[in-house]
Amino acid sequence: MTRECAVLLPGVCAALADPRQPGLDDTCLEKLLDWFRSLTWFDPTVELLQDNPCLTELITSVLALPDPSPSILSFTLQLAGILASSESRFQHLQQEKLLGRLFGQEGPRGGAAWEDASVRSAWVKGVHSMVHHQPALHLLCSTGGMDVIFALQGDPSLFVASAASQLLVHMLTFSLESEIPKSLSAKDSDWPACAQMIVKHIEESLQSSSASHIEQSLKLLSSLFGSFFGNCYAAWTEVLWLDIAKQIESFLLEETVQAQPLLANLLLNVARSPVFCDTEGSFWTLVTSALEHLTPVQAGPLAVGLLKLCKCPQDVRIQALTVLLQPMDCILRAASQPLEYAGLLDESVSDPVTVESLLSSKSSCAGLLCQTLAHLEKLLALKHLRVDLPCVSLLHSLMTILQFCSGFLSPASPLGSTISRNLINCFRVQKSALDVLAALSEKKDCDTLLGSLFDVLLAYLQSPNTSPTVLKKTFQATSKWLVHLQKLSCSNSQWQQTEKILEDVFVVLQKRLCSPCWEVRDSSLEFLTAMVKCLRDQKEFRQCLLSSEVLRLTENLLEDPESYVRASAVTAVGHLAFITCFAPESPGTGNQFSKENTVAKLQEILSTDSEGFPRRAVITIFTTWVREGCTGQLEDTEQFVSGVIQTVEHDLDWEVRLGGLELVEVFCSQTLCQLSHCPYAPVSSAVTSSTPQNELLQVFCRAKLFGFLFRSLCDCDKPVGQRACDMLIGLRGHFYPMSTLENPQEIEDSPAGRGIAWLQRMLRQGSLAQNFPTDGGDGVDFQDPESMMLALGAIDLLELHDELNKSSDHVEESPQSLLQDILATVGTIEDNEVDCY
């Protein structure tokens, strides 16, 4: 603690304990507690209390108040717990007889203040902070504190109940860590005293007739197995599991027990323990029973969790997959004529009638399918899935769901008709199914259904009933499958099928680009961009694109009234330029789509568009062009970048200015590569200098990069200044080995040196942006290579870096400022308006 804070602290403590003072803002009290946490974290000694007796006086004064406010009492409970977190400070507070009066029977837990949830919550938090040594544990066990914590598990306040459960987990794990010698195992020793109390409470609660007690214990067990037992004390996992396994099994078989939904999470957390690596054993038999007896909605999370485990037995893994596939199997069977399609599964885990009844109900049909589809999407995202997914049948089922939702399929069976009625125009099922459909494009063996699949996708793209959000998902799935189709057609010469599908897609796209709904126009442009990124090198795609009206319509949307659409149009036009302008064999598409015309249109948007989104899109596209080497030889790129940053540096949107810095960074990287004769970069014809460093400096100065970078250091938006500083430090690292940096005092005698010294002062004041220097006088010539070399070597960029990375309110955030704010506030009658960090 600093001397200044030590001087202020007694006044703050006195004000907090004074009942005549108005209550402090809770934010101030929380920040004060944060400060004490940091103080005690680094220093476990008793000196904090000995050097600052006002802290114990504060606790004593609050305890002496006949009716302390809940906020001050809560603060005191938490403060005492924080202070008592080390054994030496705990003993000091015990000698003052304070901890028993706070956390024991004579404390607030027996009075009227206990009715306030904030006091109960503070009591739990205080105990949690305190229990980091044996004496604190013994204090709680000997003063009835454990019964209080058990009762608070069922507190009406969810915050208190959750905190009590977390505290019990902490106490049990700490008890095992601190009371059992490392040489002993669970088989050699009984539970330690505190742990035994908790385990006994769990066992009794599980056997009680109270549903709430059973639920609390199951939640506590899930937390225990999930947080601690999976790591260090695996043997204790087995001991605890053997104590409760029979009871858990009985819950599975009793369908009336309300706790069944909690069992899936509990079993999954137990399954993660290294104890149950063996494929044999009663535990996995119980897991199998759970998959069979839990409802499909309850079993789904357990099934997907098991499939993610490395050590799950293969037969359990197959059973878990079967649980997830049962609703998809039911969909297929419901949609098919008898014997036309066998479905997904040879046999079911649970009674298929259960799934059929859920899908037949309007209230549960969509929920079950959305949950199932979300789980399947997670599985498809895994790189190594240890079971084989029946991808063809799954794809068939997804297409059936989408046809049910859109009304494109008339099922023959009564069950199919019922499910179809439940799903018609169900947007959330459509979106979930399309997500899984997109994920399946990465899998093999689905090629036989490609024709039918694109029929379904195109029907959605064409239908006026497709909602904008579903249409967006359809576009995303279509682009994924077009890439798959393109790879397939390259390998087996299915050119005709590919060409027909692309033609149909472009016909739909032309229509959607003219939609009156801006979300549809926006999604259409995003789809076009995605296709160009993936397929621009494919001949069939380029031919279909150039023979359609898509280019013209896209360019028209650069003037769309909606800024989001204009931004997406900028991105689309920028990527289309790789086909229309930058490709070696760029087709003769007319002057409208020439490189010069495209650049001019985007530069006009960058300098004149009233909204930030289109301007951000332009700077991103320009950066992409430079990175891809599309802006010509070095001289052309230099002029291009120079013109862009002169526009960008005056932009009011900080993200556009930040984008300008990224453009400069890419340009610098490309130039360094070229002028250093990187074997992978084309060398410009202008590179004739025998000194690459001189040439580099000249290029950067001519492009006016240094003026842009130094001015950005003082940008009013910190991310811009931070990025500019990082870039200047990077450039300095290229031009200067660390041992050869300039001495600022030695260079001040020259005219350039005086300018650099002035520049350093301006940067320290953060005023360069307002007083940007011009040539002459004390100014700096940012286009003079010699001056910029001096600037890079002499200016303390690391000092600027540290300043820029400080929090903007680092002074106001200090503990001293907090204590001053509190003292300034107490004594006022009005509401607290302290500017507390």
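Student: Why is S420 called buried in this predicted model?

Tutor: Set the value against the cut-off. Buried means under 20% relative accessible area. S420 has 11% relative accessibility, so S420 counts as buried.

Student: Where does S420 lie, and what is S420 in contact with beyond its neighbours within four places in sequence?

Tutor: S420 is part of helix 22 (residues 414-423). Leaving aside those neighbours, the contacts of S420 are F404, L409 and P411.

Student: What makes helix 19 roughly perpendicular to helix 20?

Tutor: The crossing angle. The axes of helix 19 (residues 352-360) and helix 20 (residues 362-381) cross at roughly 110 degrees and come within 5 Å. Angles of 65 to 115 degrees count as roughly perpendicular. Therefore helix 19 is roughly perpendicular to helix 20.

Student: Which residues make the contact?

Tutor: Helix 19 supplies V355, L358, L359 and S360. Helix 20 supplies K362, S364, C365, L368 and L369. Six of these residues are nonpolar, two are polar and one is charged.

Student: How many residues has the largest nonpolar core, and which have the most contacts inside it?

Tutor: The largest nonpolar core has 278 residues. Those with the most contacts inside it are W123, W241, L306, W625, F706 and F710. Helix 18 (residues 314-335) gives the largest share of this core, 11 residues.

Student: What does L306 touch, not counting residues up to four places away in sequence?

Tutor: With those residues not counted, L306 touches L268, A271, W284, V287, L291, C312, V316 and A320.

Terms used. Residues are numbered from 1 along each chain as its sequence is written. This is a predicted model: local features need pLDDT of at least 70, side-chain atom pairs count only at pLDDT 80 or more; totals for chains, interfaces and linings use all residues. Side-chain values use heavy atoms; hydrogens and water are left out. Axes are lines fitted to C-alpha atoms, for helices over the stretch in contact, and angles run from 0 to 180 degrees between N-to-C directions. Helices (H or I, at least four residues) and strands (E, at least two) are DSSP runs, numbered from the N terminus. Angles under 35 degrees count as roughly parallel, over 145 as roughly antiparallel, 65 to 115 as roughly perpendicular and the rest as oblique. Contact means heavy atoms within 4.5 Å. Ala, Val, Leu, Ile, Met, Phe, Trp, Tyr, Cys and Pro count as nonpolar, Asp, Glu, Lys and Arg as charged, and the others, Gly among them, as polar. Buried means under 20% relative accessible area, exposed over 50%, partly exposed in between (1.4 Å probe, protein chains only). A nonpolar core is a set of buried Ala, Val, Leu, Ile, Met, Phe, Trp, Tyr and Cys residues joined through side-chain atoms within 4.5 Å.
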